[in-house]
Amino acid sequence: MGTLTKSFGANGGYIASSKAIIDKIRVINAGTIYGESPAPAVLAQIQSSLRIISGDLAPGQGEERLQRLAFNSRYLRLGLKRLGFIIYGHDDSPIIPLALYHPAKIPAFSHEMLRRKIAVVVVGYPATPLISSRARFCVSAAHTKDDLDRLLAACDQAGDVLQLKFSSGIAGGQEPLHDGLSNEKEMQVRHIMEAGGKPVVTAPRWRLQDVIRRGVQDVKKPLE
């Protein structure tokens, strides 16, 4: 089961199953009985998206967009974790929920982001449990790194104002070492730190500058 609302910028969804289960769902599901079918224009949009992804339409463009989407998703998710936010979901998912928890912080976060010229989607009860309020970022292949850096900067400021940084930042991995180290030298320094009894992984909240500087190379590693 999946959605076409976020992934394709359309509406509706899909279920893949046996014919017997699909037939039963069509009979007993209230959404099928009382809902309306997607408009022809929406169906054409979904079909075009699938053809681009498969390479039937504009060969090569689908693969490029998928790569950009994967980078954008991991870059933003890793950056938010390192800034100290609690982020739900799979590392590669382009749907990135940022935990707000307190219901009163739903409009507060939205207003703080609007002050910085960014509109965000916020979700609360009854769509989520009462104390599981969140903001939901939906990343696309059309976003540039500059767009994501601007969003990270705005979230960093809003998070400080509203006290939303509930995480230590350790979910983003090791804290950055000083500038000028190559990957090989960095590994040597970390081995020395480990041999000296100091923990390799500390619990930092990264500075925004370090998040942006290290993000591109670190998204290629497995996220923690």
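Predicted model: local features only at pLDDT ≥ 70, side-chain atom pairs only at ≥ 80, totals over all residues.
Of the 224 residues, 36% are buried. Among contacts with a separation of 6 or more, 66% join residues 24 or more positions apart.

The secondary structure consists of eight helices and five strands. Along the sequence, these elements follow the pattern β-β-α-α-α-α-β-α-β-β-α-α-α.

Helix H4 (residues 61–83) packs with helix H8 (residues 208–218). The angle is about 145°, and the axes lie 10 Å apart. The crossing of H4 past H8 is right-handed. H4 contributes Phe-71, Tyr-75, Leu-78, Gly-79, Arg-82 and Leu-83 to the contact. From H8 come Leu-208, Val-211, Ile-212, Arg-214, Gly-215, Val-216 and Asp-218. By class, eight of these residues are nonpolar, two are polar and three are charged.

Backbone geometry was examined in the loops. The peptide bond from Tyr-125 to Pro-126 is cis, with omega near 10°. Pro-126 sits in the loop between strand S4 (121–123) and strand S5 (133–138).

Ala-58 is not a glycine, yet its phi is positive, at about 55°. Ala-58 belongs to the loop between helix H3 (40–54) and H4. Its relative accessible area is 30%, so Ala-58 is partly exposed. Gln-163, also not a glycine, has a positive phi of about 55°. Gln-163 is found in the loop between helix H6 (145–162) and helix H7 (183–195). Gln-163 counts as exposed because its relative accessibility is 61%, where the cut-off is over 50%.

Definitions and conventions. Residues numbered from 1 in each chain as written. Heavy atoms only, no water. Axes fitted to C-alpha atoms, helices over the stretch in contact; angles between N-to-C directions. Helix = DSSP H or I, 4+ residues; strand = E, 2+ residues; numbered from the N terminus. Left-handed = near helix turned anticlockwise from the far one by under 90°. Contact = heavy atoms within 4.5 Å. Nonpolar A, V, L, I, M, F, W, Y, C, P; charged D, E, K, R; others polar. Buried < 20%, exposed > 50% of the residue type's maximum accessible area, 1.4 Å probe, protein only.
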